[in-house]
Amino acid sequence: MDTVLHLFIIVTLGYLLGNVKFRGFSLDISAILVVALIAGYYGVTLPEDFKYFGLALFMYAVGLQTGPLFFETFKKNGIFFNTLATGIICFIFFVIFISGKLLGFSKGALIGVFTGSMSSAPSLAAVLEHNYISQASVFFGLTYPFGIISSVVFVRLIPTIFRINIQNEVTLYENQLVSSYEKLGGKNFLVTNENFGREKITKDQFEVMTGCFIERIEKSQNSKDRNIIEMGDILRVVGTEQELKTAQLMLGQEIKDFVEFHDNMKVLRLLVTSKQVVGKKIGEIKRLKALGGVITKIRRSGIDIKPNPGLTLMLGDKLYITVPENNADAVTEYIGNNLLAYPAGDFLPISIGIVLGIFIGKIPINLPFLGDFRLSFVGGVFITAVVLGRLGRTGKLVWQLSPHSTSLLKTLGQLVFMAVIGANSGKFVVVSIQKHGLSSIYVSVGAILFTLIIFVFIMRYFFKLNIIDVFGIFAGAMTSTPTLTMANEITKTDYPSISYASTYPFALIITMLLAQVAGVLL
């Protein structure tokens, strides 16, 4: 019981300290780490398993949330972002190696300082497994908390040091996301092309030829067949600018005045919240077609997306659906349109996903000259969640979570994790400083800050990257969950998690490889 009491005292005091502002600056969530270190110095310890519990919840929630956008981002910027992350890791390694050699550090000390600076327990474990350099553990424990604090505080100070308006960066980032998709619009056309009088062209044929979707149709007086496009019909067509130009060439005259349709059809704007629909591909939702509903547009994270049979519907997507008026209520009930009604306590997919991730993290991958490599607990859970977030569902098992469930998991996980690592490092840090001095801490903090300052200039002023991507690349390169937490806190969004997701897996591999190379060659 005392353990739980200590945990929540640390969280409470951390929140209070984090809300204290001095000239516009506050520690925010990193204050929990500071309070935990002080508590640890005075003898407070928390079970290590709490740390893994917190990590599992946080990384799983982040992975699920970023999964849908991860693969698209990786296709566009994956190689570039990972090249920058590799540069950060190698630069920190180089600075620590040169500084350590000049100060007479042993091989074990160098490895411990490097893995501690990168807050990478899997890298330390890999080295110990193959080289049995026990001194590395001492220096890892000494530099680990300072490595985390350095990267977290530095990220917190970036907007102040470089005078960056975070809200402007968020707006630019969102505009960039929107511009990466073709803008959809709608126009009304009068069918004047005589070919429609000579041949029977169906709505489906027209949509295949143009790429557009017919949202509404006002039939001419002499027409009866609603599936055939005929002379004199008025069509409401949705598509990209180029597709609408093609539609006009085929149909004839654009009508810019208001058109009142009498087709007994309604256009519904519905949120996807039903477990019957979440995670399914558009081509799989047969009931919608049976009710006469047609999805003409999807709005996701502020972006309009063209529907296609292979597109997976995500929780919270807004669907624009044309449906017969008589079936409007049935379609609304089928799609859901109520986020609060989405199950918030379904822990079966969460537990299955985390178990899968832990097992995947244990799978050994044999690398020439270096032996077995593992993704580790964190890497396995995170990558599994990214994939499951992208899939959406497997059969009747829905992997996606409601927004409030995701937020709760992330917050709970990060608070527990930071409280545990701080409390269990506090006393050890003081003892290690008394025994080994401050030189290893100076090297660790100096290498991190020197590297990050250089790479901020490179990424911001040479490559013109948005600060949101800079945050995510830093957090991914440092394999630092607290740094990602701080980045999300600063931006008040989860956007840094996208570039973090793009770089974290490869950064983890590079850090482990460098640590093992150092153990073999130094």
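Predicted model: local features only at pLDDT ≥ 70, side-chain atom pairs only at ≥ 80, totals over all residues.
Me: Where does asparagine 337 lie, and what is its phi?

Reply: Asparagine 337 lies in the loop between α12 (328-335) and α13 (348-362), and its phi is near 60 degrees, a positive value in a residue other than glycine.

Me: Is asparagine 337 buried or partly exposed, and what about threonine 479?

Reply: Buried means under 20% relative accessible area, exposed over 50%, and partly exposed in between, with a 1.4 Å probe and protein chains only. Asparagine 337 is partly exposed, because its relative accessible area is 33%, whereas threonine 479 is buried, with a value of 9%. Threonine 479 is found in the loop between α17 (467-477) and α18 (481-491), and its phi, near 45 degrees, is likewise a positive value in a residue other than glycine.

Me: What is a nonpolar core, and how many residues does the largest one have?

Reply: In soluble globular proteins, nonpolar side chains tend to be buried together. A nonpolar core is a set of buried Ala, Val, Leu, Ile, Met, Phe, Trp, Tyr and Cys residues joined through side-chain atoms within 4.5 Å. The largest here has 127 residues, and those with the most contacts inside it are Ile10 and Phe474; its largest share, 18 residues, comes from helix α3 (residues 48-102).

Me: Which residues does isoleucine 10 touch?

Reply: With contact taken as heavy atoms within 4.5 Å, and not counting residues up to four places away in sequence, isoleucine 10 touches several residues, among them Ile32, Val35, Leu46, Ala419 and Ala423. A second, separate core of 15 residues includes Ile201, Cys212, Ile214 and Val237.

Me: What share of the chain counts as buried, and what share of its contacts joins residues 24 or more positions apart?

Reply: Of the 522 residues, 52% count as buried, and residues 24 or more positions apart account for 80% of the contacts with a separation of 6 or more.

Note on methods: Residues numbered from 1 in each chain as written. Heavy atoms only, no water. Helix = DSSP H or I, 4+ residues; strand = E, 2+ residues; numbered from the N terminus.
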